[in-house]
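Then let us walk through it together, one part after another.

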Amino acid sequence: MGNPLMSATSCTINPHQCRCFETLTADELDLLEATSVRISYKKRELICKQGSFVSHIMHVEKGLAKVFLEDGANSLVLKIIPQGNLLGLTSASSEYNTYQYSAMAYVDSEIRQIDIGIFRQLLRQNAAFAAEVIDILSANSVQIYGRFFCLTHKQAYGRLADILLCLANRIFKNTEFELPLSRKDLAELSGMSQETVIRMLKSFHEDGLIRLEGKTFTVLDYEKLKHISETG
């Protein structure tokens with residue numbers, strides 16, 4: 001049996017789709033709806049702050065958010081949360097009453113805030129709901145382990161290829177899309193300087209792997225970019 005980390009990437013998107021709400025009964029869905037609110041966030045607006053008290057579990061109804069750790073001077077991106085996924089699950093346990101990370105909207109987003117007490121109640125009373133949440137947490141852990149293995153051991157070109165393929169495959173599901181992230185964002189995600197990312201994007205463009213026209217990003221040679229990602 002092969003080493004699963006050999007196929008890992010520094011991708012920040014968990015491929016597991018959130019299906020926990022599908023396990024709820026009609027009454028439980030009504031309860032969830034009655035105790036939830038939907039909040040709109042502008043691009044770059046903070047959704048939750050690391051260390052603040054937890055009042056809600058959040059579901060990204062629309063948009064894109066990044067999850068990161070910070071110490072005041074430095075930050076480390078853990079993952080990106082696309083629409084249809086949950087934020088704040090590390091606080092589902094009553095042992096953690098503060099957010100373990102910060103989250104920020106990458107683009108204009110709509111977040112559904114679910115009362116933390118109701119969410120914990122559903123975990124206790126609905127085994128299928130709890131099992132699905134456990135699956136999400138497990139998939140999050142596997143994705144983060146693979147990401148940091150790659151950030152530590154892959155070369156720069158492999159890490160950037162990971163992020164570009166991650167965006168194409170797991171967020172936009174297309175080889176051509178409007179890129180919502182700045183060069184600084186890409187640098188942050190791939191663990192490199194902004195200058196390095198700009199130089200490498202130019203190299204990928206000159207080699208015919210990608211095309212960048214304004215905000216429009218196109219993967220021109222998917223297989224070669226995948227090969228760079230795999231070989232690191």
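**A walk through the model**

With a relative accessibility of 0%, Ser 102 counts as buried. Keep in mind that the model you are looking at is predicted. You will find Ser 102 in strand 7. What is Ser 102 in contact with, leaving aside its neighbours within four places in sequence? The answer is Leu 46, Cys 48, Lys 49, Gln 50, Lys 66, Val 67, Phe 68 and Glu 70. The side chain of Ser 102 reaches the backbone nitrogen of Gln 50 at 2.8 Å. A polar contact of 2.8 Å also joins the side chain of Ser 102 to that of Glu 70. For a sense of scale, take Ile 198: Ser 102 and Ile 198 are 96 residues apart in sequence, and their C-alpha atoms are 27 Å apart in space.

Strands of a sheet pair through backbone hydrogen bonds, and the pairing can be parallel or antiparallel. Here, 4 strands form an open sheet with antiparallel pairing, in the order 2-7-4-5. Which strands stand at the edges? They are strand 2 and strand 5 (75-82). Each of these has a single partner strand, so one side of each is left without a neighbour in the sheet. On average, neighbouring strands of this sheet are turned by 30° against each other, direction ignored. Strand 4 (residues 64-70) pairs with strand 7 (residues 102-105) in the antiparallel sense over 4 bridges.

Is strand 3 mostly covered or mostly uncovered? Strand 3 is mostly covered, as 5 of its 7 residues are buried. Strand 3 and strand 8 run antiparallel and are joined by 6 bridges. In strand 8, Gln 113 is the bridge partner of Met 58. Strand 3 also pairs with strand 6 in the antiparallel sense, over 2 bridges, and there the bridge partner of His 59 is Leu 86.

From the strands, move on to helix 2 (residues 116-125). Its N-terminal end is capped by Asp 115, which has a side-chain oxygen 3.0 Å from the backbone nitrogen of Gly 117. Within helix 2, Ile 116, Ile 118, Phe 119, Arg 120 and Leu 122 are buried. What covers the buried residues of helix 2? The cover includes helix 1 (26-34), strand 3 (56-62), strand 6 (86-87), strand 8 (109-115) and helix 3 (127-153).

Leaving aside neighbours within four places in sequence, Phe 119 is in contact with Ile 57, Leu 86, Leu 89, Ala 92, Ile 114, Phe 129 and Val 133.

Next, let us look at the cysteines. A disulfide is a covalent bond between the sulfur atoms of two cysteines. How many disulfides are counted here? The count comes to 0. Cys 18 is in no disulfide, and its nearest cysteine sulfur, that of Cys 20, is 3.4 Å away. To count as a disulfide, the two sulfur atoms must be within 2.5 Å. Cys 18 is buried, with a relative accessible area of 15%, and Cys 20 counts as buried at 0% relative accessibility.

Our last stop is the backbone. Most residues other than glycine have a negative phi. Arg 44 is not a glycine, yet it has a positive phi of about 75°. Arg 44 is found in the loop between strand 1 (36-41) and strand 2 (46-48), and is partly exposed, with a relative accessible area of 36%. Lys 173 also has a positive phi, near 50°. Its place is in the loop between helix 4 (156-171) and strand 9 (176-178), and Lys 173 is exposed, with a relative accessible area of 59%.

Conventions: Residues numbered from 1 in each chain as written. Predicted model: local features only at pLDDT ≥ 70, side-chain atom pairs only at ≥ 80, totals over all residues. Heavy atoms only, no water. Buried < 20%, exposed > 50% of the residue type's maximum accessible area, 1.4 Å probe, protein only. Contact = heavy atoms within 4.5 Å. Pairing = 2+ DSSP bridges. Axes fitted to C-alpha atoms, helices over the stretch in contact; angles between N-to-C directions. Polar contact = N/O pair within 3.5 Å; in protein donor to acceptor, adjacent residues only side chain to side chain.
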